[in-house]
Amino acid sequence: MITEEMEARLRELVATQRLAVLATYNGEHPYCSLVAFAATPDLGQLLFVTSRHTRKFANLQCHGEVALLIDDRSGDETDLRRAMAATAVGRAEEVPPDQAAEARAVYLARHPQLADFVDAPTCALVRVQVRTYHVVTRFQQVMVYEVAR
Amino acid sequence: MKLLVDLRGIGETDRAQVGGKAFALSRLVRAGLLVPPGMVVTAEAYRQHLTGTGLGGRIHLELERKRFKDLRWEEMWDAALRIRNMFLNTPLPPHLRQALADGIGERWAEVPVVVRSSALDEDASGSSFAGLHESYVNVRGVEAILDHVRLVWASLWSDAALLYRQELGLDVGRSAMAVLIQQLVSGERSGVVFSVHPTDGTRAMVEAVHGLNQGLVDGTVEPDRWVLDRASGRLVGHHAPQRLAAVRPSGNGVGLEALPAELAATPPLDEREVVSVYELARRCEDLFGCPQDVEWTYAAERLFVLQSRPVTTHAAEDGQRSWYLSLRRSYDNLQKLRQRIEGELIPAMVAAAEGMAAVSLADLSDPQLADELQARLETLARWKGIYWDELIPFAHGARLFGQVYNDTVRPDDPFEFISLLSSGGLASLKRNQAMAALVSQLREDRSLAAVRDGTSDELPDQFAADLDDLAKQVGIPDGVSQPGPARSALLRLLREAAREGAMSVPAPTIATPALEEGFLAHFAGAERARASDLLDLARASYRLRDDDNIYLGRIEAEVNRALEEGRRRLTARTGLSPELLEAQQVVAALRDPAYRPEPVESTAKTQTGLISRARQLIGQPAGPGLASGHCRVVHRPADLFDFRAGEILVCDALDPTMTFVVPLCAAIVERRGGMLIHGAIIAREYGLPCVTGVPQATELIHTGDWVTVDGYLGIVILASEGADHGHPDESDT
């Protein structure tokens, strides 16, 4: 069954990949950045950490709507059919202080080597509240998964 | 790495470059046996061709379109044909072409040759996969040889090879094919010898035919067969068939020729020669260290070895694969099949349906109805068996033609040949014409004004009779001679079709004489007549492939009529919902009033954490065009009568009994895949976009969904009506 099979592949993709391409917008043009992400178990939130002085952080302060691309490309010609890509669409915001401990734990479980970065006073832990994942397999097969709230 | 190697120059470590067949022959050459001179186009040449032209990436895109386990045999054939056309239409990179043309031209510019596959892993395992790849006999000239090298390369991805992809370890990135080019030895007598009889380890077997051994290998010429005692080499038996024909070089290939009386009366080998052939096999066995299956030929009284490979037990066949392989039939076989289908099977199917239609079911007692239903179920099962064993194989006629057409014309579109097959005579089109006539009558006839407005279902006699005829052709076996829900449903559909511009008419036949002449112009004399006969066979194959379903559908409709009668009686008795009763439960319950059937359970869907919906689905581009509209998902025949003009028909498997709604469609989407299936055929007839082979189409798409069908790319896009692809929540590709 495509639905269940692709959902399982989506979960595996999110669990195995460490980096995602974050797309933000400054009101004039889009901007892409590579971020180290972690997902909550229900896939409802994608977390990443950024310095508050980056272009992406400035962008999402003004425009919270973002997209993240997570994929498993290998770089050869078979990628067209074999690689999988999931675009998460949602709203980004800095994690509120009362929820920071829990989010920090989720993030560091995935990226323990980034502990100093997470705790640096100049960095922000950002969460993207994902509304939908648009999952592309076999180059042209697309399923949409909505996160139940 | 060398691109060309002489058979005499192949070393012990070269197997991975020259393939199993050429490697074995090189060992025979070194051992001093008589082998026709030859050279090998190495696997390196294949790899250079794939990387130099980008063909590897294209093959990968074709084969990974969907999961292999989701591919039907027809889709495998379609994929293999597309790949074959890629090889046919992709020239060799200049440096490779130059190197091969120089090497081949030095030795084979003027000599007829055989171009044979030598797959890298062939015959190395314990299993035999003979016949999966192509070989060509009597090829002349450098250009023709290079063409056939590409065809042999393409056969690495033949439909049969795809069927055995796991055993063969087929992988676009790793698999390659070597090609053996050998001088054609035009043997007068040829055959096969097994140094150990395949079913008796104490014996050996020699098979021989007059002429070349292609006739024996492909089964068109029955051989003389001798059995020998392995220990003593003595002859212990001879089976002589009726010798009718021989395969001999002819034109640019081979042809089947009738045997003159003198040869027909003479076994191809005398006893001394049979023993010589057996001794040859024993020498091969000694050389390779295991029992051998050897192809040989006698030319000018000299005994040549054409091939030697281990005697293997064939890989255990599952029924489906052996059935599929049995579909590959010769022209002669298909001609016989055509006579049987047209002369016997179709008339018998019509008679069976008519016989059942004449029975008044309401007059039968319950036990009599049970017997009638049981008999009908058995009749249907028998016809379904015939359908699979004889009618589907006849569809291969269209495929056989397609391959010849593509080899000859080299069109960009590998399915261009289908345009030539459409002759407008499909039974489903005739039925649709009858329906169109009723629709225009309904639209224009003043006496039908109340019917047209929907205020009355009362009909004038002639219109009622014509409507009744139509009803029986669209899955209403009881007809609509009286007012009732069935008549209302059919009239509702006709009213819908009568709306201005609602119905499309079949596209003008694309099979212009120019296209046909363009094909036939490649042939002259007797070959032209043969090509014309093949086209005629293909047209019959195409037409009957559609029509046979209409006739089978009539039998099915009669079974359903009895089933519905049974269900109706039982529903009244048990209170169970009629669709919950299986046919055999109905039979049992009609026979035994005490029997209480258990309703059939439907399986519950599993819950997942996320809410899913399909956004874009992949299938095959089976009918070019682009259309958007609301979907009508057809789960059961009754859904067809709700069809609205301009909707997109989505179904599991469209058969001709359902295609009366096609004139109302904007496009067709089908779960079942293939380019020569009914949905694709009828879509082409009406010029509609069509995508077939969309897995789970009827589950992922829902009635009312707005979709765009891209018949060029073979994709179906689901989006809200008028949705712009730029909307942030909807853009994803």
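In this predicted model, strand β6(A) and strand β7 (residues 141–147) of chain A run antiparallel and are joined by six bridges. Strands here are DSSP runs of E with at least two residues, numbered from the N terminus, and two strands pair if DSSP finds at least two bridges between them. Within this pairing, Tyr133(A) has Tyr145(A) of β7(A) as its bridge partner. Three residues lie between the two strands of the hairpin, where Arg138(A) adopts a positive phi near 50°.

Strand β6(A) also pairs with other strands. With strand β5 (residues 85–94) of chain A, β6(A) forms ten bridges in the antiparallel sense; here Ala88(A) is placed opposite Tyr133(A). Strand β3 (residues 45–51) of chain A is likewise antiparallel to β6(A), through seven bridges, and Leu47(A) has Arg127(A) of β6(A) as its partner.

Chain B is described by its domains, with bounds from an automatic or database domain assignment. The assignment gives domain 1 (4–183), domain 2 (189–313), domain 3 (326–423 + 511–591), domain 4 (427–498) and domain 5 (616–718). The centres of domain 1 and domain 4 of chain B, taken over C-alpha atoms, are separated by 59 Å.

Residues are numbered from 1 along each chain as its sequence is written, and chains are lettered from A and ligands numbered from 1 in the order in which they are written. Local features need pLDDT of at least 70 and side-chain atom pairs count only at pLDDT 80 or more, while totals for chains, interfaces and linings use all residues; side-chain values use heavy atoms, leaving out hydrogens and water.

Notes:
Helix = DSSP H or I, 4+ residues; strand = E, 2+ residues; numbered from the N terminus.
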